[in-house]
Every structure is written in structure tokens, then in C-alpha cells.
Amino acid sequence: MSKGPITCHVLDVSLGRPAEGVEVNIQTYHKLEGQKNVDIFNPFAHGVTDADGRCLNLLPPRGSDEARQQNKEVVAGTYKIVFKPKEYFEKTDRKCFYPWVEITFEIENPEEHYHIPLLISPYSFTTYRGS
């Protein structure tokens, strides 16, 4: 199975294991013409992390018929990935200070693969560009 051009991995560092069932959304950035300081992000892709905490199929593989048919080709620009860990923590009777984690990132070369890991605990998170 080919993976999409943008993938993610969510790890619960408080338990030392993958975070299964975290909702993930990708949004694309658009600046409204003629409007000052109005930034708009539009829905682009949606998924849920698997038992390994990964979401490898947010988007169809680059250049595939499916990507073209669904208008899901990744181009250079600004994107946002939104993780929603609140329900994940609630399932294990834990509170969550960050119900949403929003990470805005720049794609300069659409031919590259972009992997965004998220390390979470109920009261903190960190991220980096993975490989």
C-alpha cells in the first residue's frame, strides 16, 4: 500500500504507546483577496489514527488517479493539520488541557513526503518534521 504525501503519527508519551482513535484533519490556506488580515483554512482531508497511532491514508498517493479525481493533489503552500485528542483521553478517564492541537506548516516541494509526528500527554504536546 502506498502512503499519501502527508502522514502523521500520534504517540501518548504519558503511557509510552501509540494513540489510537485520534481524529486528524488537514486544511489548506487561502487568503481572501481584498481583505486585510483575513486568513481562511478550508477542509482538505480527514482521518483517524490506527492501532499504531498512524494515519497513512489521509490523502491518496501522489499522482494517483484517485488523487486527481478527488482533487487531492498536494501543491506548494501553507497547510494546517488539526489533531483532536480530547476524546482519546476521555476514553481512558483522563482530562485533556488541549482538546485540539493545530500545527501550521509550509510545503515548499510537493514532491517530498511530509510526516508530522505528535507527542501528546494530557497537559503537553510537541511535534517535529519526521521522515
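Analyst: What follows covers confidence, aromatic pairs, charges over rings and one histidine.

User: How are residues numbered, and what kind of model is this?

Analyst: This is a predicted model, in which local features need pLDDT of at least 70, side-chain atom pairs count only at pLDDT 80 or more, and totals for chains, interfaces and linings use all residues. Residues are numbered from 1 along each chain as its sequence is written, and side-chain values use heavy atoms, with hydrogens and water left out.

User: Where is confidence lowest and where is it highest?

Analyst: The mean pLDDT (the predictor's confidence in each residue, from 0 to 100) is 93 for the protein, with 99% of its residues at 70 or more. Confidence is lowest in helix α1 (residues 65-69), with a mean of 85, and highest in strand β2 (residues 17-18), at 98. Helices (H or I, at least four residues) and strands (E, at least two) are DSSP runs, numbered from the N terminus.

User: How many aromatic pairs does the structure hold?

Analyst: The structure holds six aromatic pairs, where rings of Phe, Tyr and Trp (its six-membered ring) pair if their centres lie within 6.5 Å, and planes under 30 degrees apart count as stacked, over 60 as edge-to-face and the rest as tilted. One of them joins F97 and Y98 edge-to-face, at 4.9 Å centre to centre and 85° between the planes. Y98 also pairs edge-to-face with F125, at 5.0 Å and 90°; this pair links distant parts of the chain, with Y98 in the loop between α2 (86-90) and β7 (101-107) and F125 in strand β9 (residues 124-127), 27 residues apart.

User: Are those three buried or exposed?

Analyst: F97 is exposed, at 53% relative accessible area, while Y98 is partly exposed at 29%, and F125 is partly exposed at 36%. Buried means under 20%, exposed over 50%, and partly exposed in between (1.4 Å probe, protein chains only).

User: Which residues make up a ring cluster, and what lies over the face of F44?

Analyst: Ring pairs link F44, Y79 and F105 into a cluster, and K72 lies over the face of F44, at 5.1 Å from the ring centre. The charged end of K80 sits over the ring of F41, 4.3 Å from its centre; the criterion is NZ of Lys or CZ of Arg within 6 Å of the ring centre and within 35 degrees of the ring normal.

User: Switching topic, what does H9 touch?

Analyst: H9, in strand β1 (residues 6-12), is buried, with a relative accessible area of 10%. Not counting residues up to four places away in sequence, H9 touches D52, G53, R54, H115, I116, P117 and L118, where contact means heavy atoms within 4.5 Å. A polar atom of the H9 side chain lies 3.0 Å from the backbone oxygen of D52.

Methods
A polar contact is a pair of N or O atoms within 3.5 Å; within protein, one must be able to donate a hydrogen and the other to accept it, and residues adjacent in sequence count only if both atoms are side-chain atoms.
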